[in-house]
Protein chains: 2
Amino acid sequence: MSSQPNHPALLIPGPIEFDDAVLQSMSHFSHVGAPFVTTFGETLSMLRKLFQTTDPSSQPFVISGSGTLGWDLVAANLTEPGDDVLVLHTGYFADSFSDCFETYGVKSTQLKAPIGGRPQLPEIEKALKERKYKLLTVTHVDTSTGVLSELKALSELVHQVSPETLVIVDGVCSVGCEEIEFDKWQLDGVITASQKAIGCPAGLSISMYSGRAIEIFQSRKTPPGSYFASFKNWLPIMQNYEAKKASYFATPSPQLIHALHTSLTQILSKPLSERFAAHRAASQRVKKAVADLGLKQLASNTADQANGMTAIYLPENVKAQELLPNLLEKGVIFAGGLHREIATKYIRIGHMGVSVTDPQRDDIDRAISALGNGLSDAGYQKS
Amino acid sequence: MSSQPNHPALLIPGPIEFDDAVLQSMSHFSHVGAPFVTTFGETLSMLRKLFQTTDPSSQPFVISGSGTLGWDLVAANLTEPGDDVLVLHTGYFADSFSDCFETYGVKSTQLKAPIGGRPQLPEIEKALKERKYKLLTVTHVDTSTGVLSELKALSELVHQVSPETLVIVDGVCSVGCEEIEFDKWQLDGVITASQKAIGCPAGLSISMYSGRAIEIFQSRKTPPGSYFASFKNWLPIMQNYEAKKASYFATPSPQLIHALHTSLTQILSKPLSERFAAHRAASQRVKKAVADLGLKQLASNTADQANGMTAIYLPENVKAQELLPNLLEKGVIFAGGLHREIATKYIRIGHMGVSVTDPQRDDIDRAISALGNGLSDAGYQKS
């Protein structure tokens, strides 16, 4: 249950609702003492479990910053100026990731899908055969469209067609609510943030890299293009903390890392498969309700629909700027559109973390009921 | 009073002790709602007061990240590859700031003082006349040595001798406890972090730039060298939030920003002059106690001694790795040395924020008494 039972249920595609214990762990905590060193070290080790990697050469990072910082980590460390990268485009975030690569002098080629879709394997295969790409990026769940990408088959394809190309996943809106098997699927990098399905306050960039990715970094011909986002600066820090040795490059946030520790402990206290199943079940309930209301999702293909969020086209005469405040009065917070081309035409519902996994919470019921009533208030009737 | 009265007093040169209200403000908070937009906007406006700037062209930034990120903000936005910068060296942090500049292709010249000292105006004048520097950086308080730099006379000199050179202050360990008059002293940039004298949990990079610095950014010939640290990405966000309009580049941390809002509200509820006087008074008590114990500070010149921390040489036979755990048992946490050349030979005491300003706290008394007893336990007697 929430510490503020009367506050509106936050049901956007992240940040999400917190568990009380997560919030309580953000109390006084020194970053120099042995307890914090242990907490930070354990947090890094728990991330290995969350990402389902047992390969000791995999490397987790936890750095103060927004999820966006993860793009700089990839671009500044795993690519060098002049490199080519292939960015699979399923919405807003691919554009920004491309901008990030260009900042570091890297040539970004986008493979764009129509809105609500995702690039298909045959066209990806064709692109990979046309040019040698240092890495390929895929947005696992595009928060702007609710489109889920399929990682396993994609990674298999990349390893077959262009085995030297690193497979990099933007998992900001997927880690913690969508299945990710880092080792088995041979991923090279997954970046995420604390505030989405991991259920921790915003402010931490979280990522995992393969031994192969770290080797690519270590064999760079040019130094990393960023100082704050440099693996050169952070790698020894992460390795030291995981070995329970304090180490300094920049002051970490003991409060946020302690909250992350609490959150990961909760997540890992049950089999991950149960967690993913709970998210799929909640998602199905939301998506059925949306269909029952006669509404369409941006992600038209069932296989492409995310399990932690749903993006819904509004009926013709319903305006987001009127519906969202009405829903807030009903006690739920949804998000407006984010995809530049259609931002005003749709809304987004997040269903991640405690809103989904805590059986004592009724956030999903409230969301479904408020959506129906809100649309009805707006004069919408299912045709 | 602290929410955990029995925890050891954290008396290191940051992060520092928090006020309960600051911690309590880190509760549930959505980053999309109107309340957060107002909080973030007010926070940016309050920073203008903290930095004592009324010039509307000054620009505050609050970004998720460590204090270290502030160096990237300066190097990636205010300098271009090939530029020359002059870094005044008073310890560890100048080395790192120089590394940061070099990362972005900028040529860094260091003006080094002997340990415990600071570069003197005549040598700075000489350096400024020898080469044209795009900017000069000064560590206001070097956390590694406790050396305080004099900003007013320095900035006057720069404006006289090399008026086009920007004056950039690393104020990580000074903003909130040392006098800074941004407008009056004609500073162009002051970077800091949330966890030192501002008294907020770590995780926010906070900075203020002059209109002149922003113009230098806007007239760049090359794009900024970083994506996450790019003014191009953040400037519209900060300007929108201060105008109370939500805006998106990367997800902010509502918890940390709310905590910062609470902390700034407390700081600004009294005249800043009182706050600085309280820090000077506490500092004098600590420094007198240190002298009474027959110990020497790294900063040998009284005028060069910081008011928010004290760095003390240990007696010959006292080892930091034995003294610090003994002090922890006595209920106070001090920090070890950080300056590479003498790290094991000294310790650091922080006296910032609520430990100094809250009359109900006895942190400073406990610190002084524990230090005396700890040294006595270690067999030290004043000679």
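Which residues of helix 3 of chain A are buried? Keep that in mind; point 2 answers it.

1. **Confidence.** This is a predicted model. The mean pLDDT of chain A is 92. Of the residues in chain A, 92% reach 70 or more. For the complex, the predictor gives an ipTM of 0.91 and a pTM of 0.92. One stretch needs care: over residues 1-5 of chain A, pLDDT stays under 50. The model has twelve contacts beyond four places in sequence for residues 1-5. Where pLDDT is low, the predicted coordinates should not be read in detail.

2. **Helix 3.** This helix spans residues 69-77 of chain A and is mostly covered. Nine of its nine residues are buried. They are A:Leu69, A:Gly70, A:Trp71, A:Asp72, A:Leu73, A:Val74, A:Ala75, A:Ala76 and A:Asn77. Find them in the sequence, then in the model.

3. **The annotated lysine.** The UniProt record, an unreviewed entry, places the annotation "modified residue: N6-(pyridoxal phosphate)lysine" on A:Lys196. Such annotations may be inferred rather than shown by experiment. In the model, A:Lys196 is found in a loop of chain A. Is A:Lys196 buried or exposed? A:Lys196 counts as buried, because its relative accessibility is 5% and the cut-off for buried is under 20%.

4. **An arginine in helix 10.** A:Arg275 lies in helix 10 of chain A, residues 272-292. Its relative accessibility is 11%, so A:Arg275 counts as buried. Leaving out residues up to four places away in sequence, A:Arg275 touches A:Gly176, A:Ala197, A:Ile267, A:Gly353 and A:Thr357. A:Gly374 is another matter. A:Arg275 and A:Gly374 are 99 residues apart in sequence, and their C-alpha atoms are 30 Å apart in space.

5. **Cavities.** How many cavities of 30 Å³ or more does the structure hold? There are nine. The largest cavity has about 70 Å³ of space. It is lined by 14 residues. Closest to its centre are A:Phe40, A:Val62, A:Trp234, A:Ala250 and A:Pro252.

6. **The lining.** Which helix of chain A supplies the largest share of the lining of the largest cavity? Helix 8 does, with four residues. Strand 2 (59-64) and helix 8 (231-242) of chain A each give at least two residues to this lining. By type, the lining of the largest cavity has eleven nonpolar residues, three polar and no charged.

Technical notes: Residues are numbered from 1 along each chain as its sequence is written. Chains are lettered from A and ligands numbered from 1 in the order in which they are written. This is a predicted model: local features need pLDDT of at least 70, side-chain atom pairs count only at pLDDT 80 or more; totals for chains, interfaces and linings use all residues. Side-chain values use heavy atoms; hydrogens and water are left out. Buried means under 20% relative accessible area, exposed over 50%, partly exposed in between (1.4 Å probe, protein chains only). On a 1 Å grid over the protein atoms alone, a cavity is a set of points where a 1.4 Å probe fits but cannot get out, and a pocket is an open set with protein on both sides within 12 Å along at least five of seven lines; lining residues have an atom within 4 Å of a point. Grid points are joined across faces, edges and corners, and a volume is the space filled by probe spheres set on the points. Ala, Val, Leu, Ile, Met, Phe, Trp, Tyr, Cys and Pro count as nonpolar, Asp, Glu, Lys and Arg as charged, and the others, Gly among them, as polar. pLDDT is the predictor's confidence in each residue, from 0 to 100. Contact means heavy atoms within 4.5 Å.
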